[in-house]
Amino acid sequence: MGEHRNWPERLHVVTGKGGTGKTSVAAALALGLAAGGRRTLLVEVEGRQGIAQLFGLDPLPYAEKRVATTSGGGEVRALAVDPEEALLEYLDMFYKLGAAGRALRKVGAIDFATTIAPGLRDVLLTGKVKEATTRSHDGRRVYDAVVLDAPPTGRVGRFLNVTEETARLVKVGPIKTQSESVAALLRSPMTAVHVVTLLEEMPVQESLDAIGELTALQIPVGRVLVNSARPPLLPAGRVTKAEIKRGLVAAGLPAAAATVSQLAAEAQAHLTRRELEQSLRMELTEMGRPVVELPLLPDGVDRAGLEQLATHLMRA
Amino acid sequence: MSAPRLTVPSLNVDGLLADPAIRIVVCCGAGGVGKTTTAAALGLRAAEVHGRRTVVLTIDPARRLAQSMGLTELDNTPRQVKGIDAGQTGGELHAMMLDMKRTFDEVVEQHTTPKRAQEIFANPFYQAMSSTFAGTQEYMAMEKLGQLRAGDEWDLIVVDTPPSRSALDFLDAPARLSRFLDGRMLRMLLAPARSGGRSMFSLVTASFGLFSRAVQKILGAQLLTDLSGFVAALDSMFGGFRQRADQTYRILQDPQTAFLLIAAPERDAVREAAYFAERLVSERMPLAGLVVNRMHETALDGFSVAEAEEAIERLTAEGGHETAVDVLRIHASLVRQAQRETRVAAGFTEAFPTVPATSVAAQPADVHDVDGLRTIGALLA
């Protein structure tokens, strides 16, 4: 299988301001990349169980569980990474703790360790993502691609900048080695961070800030994914009441003055909004990253909607 | 169809803002639902219409919104907002942005000696925790609220809660931090320090010895030295921390406080609001109501959306009237969106039929000046 023609990276990190639909877009990307018999892993790290809600499933355990199948025998698996579980798994892998690991949990050591050092928590989460991305079985990669539903734009720089954060606390030892290997993957061409936004001021501003921050951190920025983009209507950019009235009459609809005025006002609000959207679109384009627009789903994000988004993404 | 209706008692925002017994309004909800804008609009209305001396505590406002209130820097001090129209009522509006680290530093300074404070500030664990600890922002927002309330300088304090991963963090974080500062792990770490501090892990239990060995191996010895220094320094402040957190928690339960849930008509935001409502009820916190922002609506009543959609098909098939077709498309998608949003909002109102609610119509452009805030305030009331 190997790399996808339009999306060659192996680790796709999806961020975006809260409310922009980043979980839906991440899920659609995992679905799209799994088409044609591939296998992808969709990972969440914030304990929100957003993936389970999106696919209408019970909360995900700390295990890679199939959440969707795709054409040609492909599948999407999902994993909700829990930092405590990740720490125990990690300790077990390197130190064979066994029962002692459970004792650590009992005295609250795990909670303590992941709480006192937020950087440590992020190393564990990103470390697990790295492990899944690079895992192979019988000489073959287990996942063709991994999609990470990452923290929102405001926190993503800090989350991905694991070495910096841990270096403040940890000077030596395997955690340091681990964080360095995660940092190397995140800064390699195998990774792309995609930013989901809406054509609204605050999400666009946060997207621009995040792209600037990631660029400064030398973490590769992939695409800007504009979610819920509206179809282009009224290409002339203006509308007269006379035109509306003629259309209503031709369609046999009531065309009272109040009705026409109301429709004109709605059209005008749409045009105002579109002008603002156009200037925001320009700001995004100026960042020099490919911009992909995803359509507004009139019926909300259900499985069919996810498929629709996936198709748009794969074409881009 | 007309404006979207919420099938619950209507939230009386003006009654709330005018009530002298209400001293704190807490706006909470998921990220991206317009909490900061709502908080600012409520503050402005309280000052202009109800003549109250109001302060708005914001956590992380959008740059232009902050600028509109004259907040150009994060200086942790309330600044009076100029250019408001409160000449008739004599109200005042002040606003401040929370500086999490500075607030934490102030708490440390208040609870310990200057020398100890300097030691704490220099410790890498304190530096990490005061700027990045998940929950510090929530805890410090509560601390700042406690300080503002204790001064008794304000008629009304409007709080915009932090943009948490989950709105619930806001309630849980202070308890978590104080549990953490009072926890078993800390006491274990402190035990050797209390017994003379010759070797920090010499006197602890077997399982803890194992823990310390594992930590030494994984994280290195320097980290343990820093950690024990941090813990020893914090030890002197335990009581103070706990007391403050408990005090603020009690203020939040008091009838002088009103919680407003802020949501957008989206599934996730409404689900978050419902979780939050359950928590507020179980924690006996005064839940005043729900505000659903950015609801779409249409006042057109000449024909139904189905008739509009039929007309679009017919006119498209016949050709011509392109502009009218697009206008009808805009209208139909607006109605469909309004219907969908009303259904989503009903997910909350059906589960909490006694919680009053109000909705704010979506604005064509984003709000970033006092006039825009005034408009939102009027729509809220």
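# Exercises on a predicted two-chain model

Helix H7 (residues 136-151) of chain B lies across strand E1 (24-28), E2 and E5 of chain B, and runs at about 175° to E5(B). The structure is a predicted model, in which local features need pLDDT of at least 70 and side-chain atom pairs count only at pLDDT 80 or more, while totals for chains, interfaces and linings use all residues. Residues are numbered from 1 along each chain as its sequence is written, and chains are lettered from A and ligands numbered from 1 in the order in which they are written.

**Exercise 1.** Determine the strand order of the sheet in chain B and identify its edge strands.

*Solution.*
- Helices (H or I, at least four residues) and strands (E, at least two) are DSSP runs, numbered from the N terminus. Chain B has 16 helices and 8 strands.
- Two strands pair if DSSP finds at least two bridges between them. The order E3-E4-E2-E5-E1-E6-E7-E8 describes an open sheet of 8 strands in chain B with mixed pairing.
- Strand E3 (79-80) and strand E8 (357-361) of chain B are the edges, as each pairs on one side only.
- Within the sheet, E2 (residues 53-58) and E5 (residues 156-160) of chain B run parallel and are joined by 4 bridges. There, B:Val55 stands opposite B:Ile157.

**Exercise 2.** Trace the path from E8 to E9 in chain A and state its handedness.

*Solution.*
- Strands E8 (residues 191-197) and E9 (residues 221-229) of chain A pair in the parallel sense over 4 bridges. A:Val196 stands opposite A:Leu225.
- Between E8(A) and E9(A) the chain passes through helix H10 (residues 201-216) of chain A, and this β-α-β crossover is right-handed. That term applies if, with the strands pointing away from the viewer, the path from the first strand over the helix to the second runs clockwise.

**Exercise 3.** Describe the largest nonpolar core and the contacts of B:Leu290.

*Solution.*
- A nonpolar core is a set of buried Ala, Val, Leu, Ile, Met, Phe, Trp, Tyr and Cys residues joined through C-beta atoms within 7 Å. A residue is buried if 20 or more other C-beta atoms, placed from the backbone, lie within 10 Å of its own.
- The largest core has 86 residues, of which B:Val25, B:Val159, B:Leu260, B:Ala263 and B:Leu290 touch the most other members. Helix H2 (residues 35-48) of chain B supplies the largest share, 7 residues.
- Contact requires C-beta atoms, placed from the backbone, within 7 Å. Leaving aside residues up to four places away in sequence, B:Leu290 touches residues including B:Leu11, B:Phe348 and B:Val355.

Conventions:
A residue is buried if 20 or more other C-beta atoms lie within 10 Å of its own, exposed if 12 or fewer, and partly exposed in between; C-beta atoms are placed from the backbone. Two residues are in contact if their C-beta atoms, placed from the backbone, lie within 7 Å. Axes are lines fitted to C-alpha atoms, for helices over the stretch in contact, and angles run from 0 to 180 degrees between N-to-C directions.
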